[in-house]
Amino acid sequence: MKKFLSKYKMPIIVIVLIGLFVLLSVLLKNVDFSGGYSDEVNAWIEATKKDEYVVTVLGQTFCPHCIDYKPVMEELKEEYGFNLYWFEINEMEMKDYNGLVKTYKLPSYTESTPYTVITKNGKVITDVQSALSKESLLEFLTNAGVIKES
């Protein structure tokens, strides 16, 4: 046996390495190394890296504060034209939710909704953990630089 191993050591090593390569190829065939997020979350990640303000809200479809807050936020978005991403986290896959909350360290996020965060150039500018009235939201967005004072 010792003679056999010493004589065929190199071919055995090559065969084992090829076998391991084939096994790893099969096991990793369906692994998505891009994060595996949905197109919407990937678009959000890319948008937040740009030199533009991005307003992001994490809400829930059954949250009464979110239900009241969404039309106010959308009205201001229409009026002032800022980038808005609204995510209903109770309807998301866990990997997408994790992508949202782990991409940036969200300063005030306690998993209660609505949660609004403003990003620019890959950094969190400010955030707020509550629904705001239209006047308070307008002030919040203006103070953050999203809306320019006229």
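**Group meeting: the sheet and its cores**

Okay, let's start with S1 and S2, which pair in the parallel sense over six bridges; pairing here needs at least two DSSP bridges between two strands. Strands (E, at least two residues) and helices (H or I, at least four) are DSSP runs, numbered from the N terminus. Within that pair, Val54 sits opposite Asn83 in S2.

Quick note on what we're looking at: this is a predicted model, where local features need pLDDT of at least 70, side-chain atom pairs count only at pLDDT 80 or more, and totals for chains, interfaces and linings use all residues. Residues are numbered from 1 along each chain as its sequence is written, and side-chain values use heavy atoms, with hydrogens and water left out.

Now the whole sheet. It's open, four strands, in the order S2-S1-S3-S4, with mixed pairing. S2 and S4 (123-128) are the edge strands, each pairing on one side only.

On to the inside. The largest nonpolar core has 20 residues, and Val55, Met73, Phe82, Leu137, Leu141 and Val146 have the most contacts inside it. By core I mean buried Ala, Val, Leu, Ile, Met, Phe, Trp, Tyr and Cys joined through side-chain atoms within 4.5 Å, buried being under 20% relative accessible area with a 1.4 Å probe, protein chains only. S1 (54-59), H4 (64-80), S2 (83-88) and H6 (134-144) each supply at least two of its residues, and H4 gives the largest share, five.

Which residues does Val55 touch? Leaving out residues up to four places away in sequence, they include Met73, Phe82, Tyr85, Ile118 and Leu141, with contact meaning heavy atoms within 4.5 Å.

How values were computed. Buried < 20%, exposed > 50% of the residue type's maximum accessible area, 1.4 Å probe, protein only.
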